[in-house]
Amino acid sequence: MALQRVYQPIAIGGVEVPNRIVRAAHDTGFGAPAMTDEHIAYHTARARGGCGLTVLEASTVHPSSAIHLALFGDSVVPGFRRLMESVRPHGMRVFQQLWHGGNLWPSCDGRPPLAVSDIPGYGGIVGRAMTARDIAEIQQAFVDAALKCQEGGLDGVEVHGCHGYLFHQFLSTFYNDRRDAYGGALEDRARMLVETVRAIRRAVRPGFVVGVRLGASEAPGGVSVADNQWILQRLQDEQLIDFVSVSKGDYWRMDTMVGSMQNPLGYELSSAGEIAAVATVPRILTGRFRTLEEAEGLLREGRAELVSMVRAQIADPNLVRKTREGRADEVRPCIACNQGCIGGIFRANRMGCTVNAAVGAETTMAEELLAAVDRPKRVLVVGGGPAGLE
């Protein structure tokens, strides 16, 4: 298949993305709690490899919810500036995902995390139901985080509105039992998300990109495809967003949120594609796309304007560049085993890759650092593991 659309630039708000290949937000464990050299090296390797847009991993906006990278404190802006100084020469655009985990993640200080209600989350954590003052404080925390991203030289932000986290909990009829203006009908359950995005849009400068990540849940009482379509149309009607990234699932069904090798190409489209169908802004879709040919196919179908290929570019950071140079047969393929990437996060709080030992060690083990030896040796690989199969 001749690759045409995948290499075309596209405007998202006031930012031009050089091609249609995206790395949606994904946890790495390399930045904790601030930007590190290995975190910068990891993203720089994918920028050098030709990726058009990266959305940095979910990062907490407030101490009431803990995750690796924190968007509050004095180190945020200098860290972003270091990252952008390294990434910018390669042309890759960078957004930051803004996040709060609600009852899915503990707080930074050991107290119960803020949540929509005191109904336990999937992991058994019981949050403290947010008061009106808490809601205002969290909304301001999202605004403050967006402004830090802008000050740090990033191109935009993405508000995480799915996967069972705080905004999803407000939207869910299972978790949201509130009797105030933030509970009841869908319009009221969506108020927390809409008000937050509206506040961010008002605070940032013109041209700074604001987007949202949406997705439906398969859990009883979860957020439906129709709910997401209504929310997307509401955000678009007010011209609050420049793009939408659509995913599927939450912690009730991890196998749909992060599909493994048994999931077919485009497995999320049955849900995410329906939500994205009502979009008038650029759409980012995901679903275990492994090659640029597969991404090209989705773009030609007109179901998305950009395609996320996260694990494919974990396995080979040079996927885009190698393919563009006619070396697609040299691309190290992702086998969707989930053992190093998402498995590494849950097992060791740090991402790796079964087929790419250089992940997290790009400064010492990147492919570009390999040099031919003066005296080559003959090597026999025994067995049917990744090396033997290759």
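Mentor: A residue is called buried under 20% relative accessible area, exposed over 50%, and partly exposed in between (1.4 Å probe, protein chains only). The model is predicted: local features need pLDDT of at least 70, side-chain atom pairs count only at pLDDT 80 or more, and totals for chains, interfaces and linings use all residues. Residues are numbered from 1 along each chain as its sequence is written, and side-chain values use heavy atoms, with hydrogens and water left out.

Trainee: Is C162 buried or exposed?

Mentor: C162 has 0% relative accessibility and therefore counts as buried. Across the protein, 58% of the 390 residues are buried.

Trainee: How many disulfides does the structure hold?

Mentor: A disulfide is a covalent bond between the sulfur atoms of two cysteines; here the criterion is a pair of cysteine sulfur atoms within 2.5 Å. The structure holds zero disulfides. For C162, the closest cysteine sulfur belongs to C149 and lies 18 Å away, too far for a bond. C353 is in no disulfide either, the nearest cysteine sulfur being that of C334, 6.7 Å away. C353 is partly exposed, its relative accessible area being 22%.

Trainee: How many helices and strands does the protein have?

Mentor: Helices (H or I, at least four residues) and strands (E, at least two) are DSSP runs, numbered from the N terminus. The protein has 15 helices and 12 strands. Its radius of gyration is 20 Å, close to the 21 Å of the globule rule for 390 residues, so the protein is as compact as a globular protein of that length. That radius is taken over C-alpha atoms, and the rule is 2.2 Å times the number of residues to the power 0.38. Along the principal axes, the C-alpha atoms fill a box of roughly 75 × 45 × 40 Å.

Trainee: What share of contacts joins residues at least 24 apart?

Mentor: Contact means heavy atoms within 4.5 Å. Of the contacts between residues at least 6 apart in sequence, 68% join residues at least 24 apart.

Mentor: N356 is found in the loop between helix 13 (342–348) and helix 14 (362–365). Leaving aside neighbours within four places in sequence, N356 is in contact with R46, I314, A315, P317 and R332. N356 is buried, with a relative accessible area of 6%.

Trainee: How far apart are the mean positions of the positive and negative charges?

Mentor: Lys and Arg count as positive and Asp and Glu as negative, while His and the chain ends are not counted. The place of a charge is NZ of Lys, CZ of Arg, CG of Asp or CD of Glu. The mean positions of the 41 positive and 43 negative charges are 3 Å apart.
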